[in-house]
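The structure is shown first.

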Amino acid sequence: MFLYISYGFYDAVWQTCVYWFMGAITNNSRKLANFAGFYKGIQSAGAAIIWRLDGLQNSPPPYMNLFASCWVLLAGSLVIALPVMILKIKDTVPVEEDLKFTDETIEDVIGYTRVTYDSPEQKMA
């Protein structure tokens, strides 16, 4: 029972960490939706492949092979993700940099247009 609780806790920590990394890369909701969709798609494909390998009737692969393949894929993905985390995650991402190569404007992202008034009478009108 303790092992299942530990696996559940580990999975929750892992998911939180991955989503935090994705959120730290950009503030653009469209990019974040694409990142999250890609991540969940790869995760679901991996789960489907392992489920199928585990369900083979004639000659299922030994469980140690499944276990080792999961850890090799995890280690390989961390090696690939490390440069992205080091080079792309910054303390602050300016809105102008977030909007490069998109069709959005600052008003779309921030949600309002800054209005400046020259005199107090213009506020009342």
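## A buried glutamine

In this predicted model, Gln15 has a relative accessible area of 13%. Because buried means under 20%, Gln15 counts as buried. Gln15 belongs to helix H1.

Setting aside residues up to four places away in sequence, Gln15 touches Tyr39, Lys40 and Gln43.

## How the two helices pack

Two packed helices are described by the angle between their axes and the distance between the axes. Helix H1 covers residues 2-25 and helix H2 covers residues 29-54. Their axes come within 9 Å and cross at roughly 145°. The crossing of H1 past H2 is right-handed.

Which residues make the contact? On the H1 side they are Trp14, Gln15, Val18, Tyr19, Met22, Gly23 and Ile25. On the H2 side they are Leu32, Phe35, Ala36, Tyr39, Lys40 and Gln43. Sorted by class, the contact of H1 with H2 has nine nonpolar residues, three polar and one charged.

## A residue in the loop

Thr26 lies in the loop between H1 and H2. Is Thr26 buried or exposed? Its relative accessibility is 2%, so Thr26 counts as buried.

When neighbours within four places in sequence are left aside, Thr26 is in contact with Lys31, Leu32, Phe35 and Asp98. Among these, Leu32 and Phe35 also take part in the contact between H1 and H2.

Methods. Residues are numbered from 1 along each chain as its sequence is written. This is a predicted model: local features need pLDDT of at least 70, side-chain atom pairs count only at pLDDT 80 or more; totals for chains, interfaces and linings use all residues. Side-chain values use heavy atoms; hydrogens and water are left out. Axes are lines fitted to C-alpha atoms, for helices over the stretch in contact, and angles run from 0 to 180 degrees between N-to-C directions. Helices (H or I, at least four residues) and strands (E, at least two) are DSSP runs, numbered from the N terminus. A crossing is left-handed if the near helix is turned anticlockwise from the far one by less than a right angle, and right-handed if clockwise. Contact means heavy atoms within 4.5 Å. Ala, Val, Leu, Ile, Met, Phe, Trp, Tyr, Cys and Pro count as nonpolar, Asp, Glu, Lys and Arg as charged, and the others, Gly among them, as polar. Buried means under 20% relative accessible area, exposed over 50%, partly exposed in between (1.4 Å probe, protein chains only).
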